[in-house]
Amino acid sequence: MNGDFELQISGTRLFFVILAGAAIYALTRWLRNKLRAWPMSKPRRALVDRLRLLGETFVTLAFVIIAVNVLLAGHPLYSTIMLGVLVLGFVLVSWNSVRDVVAGMLLKASETCMPGDHVEIDGVAGRVRGLGYRVIALETPDGGEAFIPYSRVSKSTLVRKPVTDGVFT
């Protein structure tokens with residue numbers, strides 16, 4: 001290389017990348033509408049919505065990676081740099097979620113609390129209704145719900161009153 005670099009992106013490649021992106025977008029909207037119209041129970045709908053969102057996320061990430069490679073074809077160094085920037089950006093944007101998921105895995109593995117236990121976390125008291133991917137769901141004494149991210153749980157004191165055979169110990 002002589003230091004004179006001119007990045008050129010083919011108009012045809014750009015057109016096909018935009019066309020593919022529009023087609024993927026249209027397909028995901030169509031699928032979302034079809035799934036909303038399909039009769040199913042509430043729990044199954046919640047599961048299908050979560051799986052659909054996860055699928056859309058993976059398809060979008062794969063599209064972005066492929067689009068960068070297609071648009072920067074012939075420039076492997078810049079293609080690699082751009083992919084690195086995209087991965088770094090994704091990690092920075094999703095860092096809180098990743099931290100919550102990891103803290104949740106550790107909390108679940110240590111069996112610190114289980115559904116049915118009464119707990120107090122950072123001044124919020126209630127009965128554990130569920131342990132999700134990112135949050136612990138509590139039913140508060142007034143009947144409300146509190147969703148506390150696992151990263152917050154791991155940074156605070158958790159006071160637990162376990163339930164044994166339906167009776168508090």
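**Note on the helices, pockets and strands of a predicted model**

1. Helix α2 has 30 residues and spans 43 Å from its first C-alpha to its last, close to the 44 Å expected at 1.5 Å a residue. The expected span is 1.5 Å times one less than the number of residues. Helices (H or I, at least four residues) and strands (E, at least two) are DSSP runs, numbered from the N terminus.

2. This is a predicted model, in which local features need pLDDT of at least 70 and side-chain atom pairs count only at pLDDT 80 or more, while totals for chains, interfaces and linings use all residues. Residues are numbered from 1 along each chain as its sequence is written, and side-chain values use heavy atoms, with hydrogens and water left out.

3. Within α2, the residues Arg 52, Glu 56, Ala 67, Val 68 and Leu 71 are buried, meaning under 20% relative accessible area (1.4 Å probe, protein chains only). Their cover includes α1 (11-37) and α3.

4. The largest pocket has a volume of about 580 Å³. A pocket here is an open set of points on a 1 Å grid over the protein atoms alone, where a 1.4 Å probe fits, with protein on both sides within 12 Å along at least five of seven lines; lining residues have an atom within 4 Å of a point. Grid points are joined across faces, edges and corners, and the volume is the space filled by probe spheres set on the points.

5. Of the 18 residues lining the largest pocket, Arg 50, Leu 54, Val 101, Tyr 133 and Arg 134 lie nearest its centre. Helices α2 (42-71) and α3 (76-109) each supply at least two residues of this lining. By class it has 11 nonpolar, four polar and three charged residues; Ala, Val, Leu, Ile, Met, Phe, Trp, Tyr, Cys and Pro count as nonpolar, Asp, Glu, Lys and Arg as charged, and the others, Gly among them, as polar.

6. The second largest pocket, of about 170 Å³, is lined by Leu 61, Val 64, Ile 65, Leu 83, Leu 86, Val 87 and Phe 90. These are seven nonpolar residues, with no polar and no charged ones. The largest share, four residues, comes from α3.

7. Strands β2 (residues 124-131) and β3 (residues 135-139) pair in the antiparallel sense over four bridges; pairing requires at least two DSSP bridges. They form a hairpin with three residues between them, and Val 128 has Leu 138 in β3 as its bridge partner.

8. Strand β3 also pairs with β4 (residues 145-149), antiparallel, over five bridges, with Ile 136 opposite Ile 148 in β4. This hairpin has five residues between its strands, and Gly 143 in the turn has a positive phi of about 90°.

Terms used:
Buried < 20%, exposed > 50% of the residue type's maximum accessible area, 1.4 Å probe, protein only. Contact = heavy atoms within 4.5 Å.
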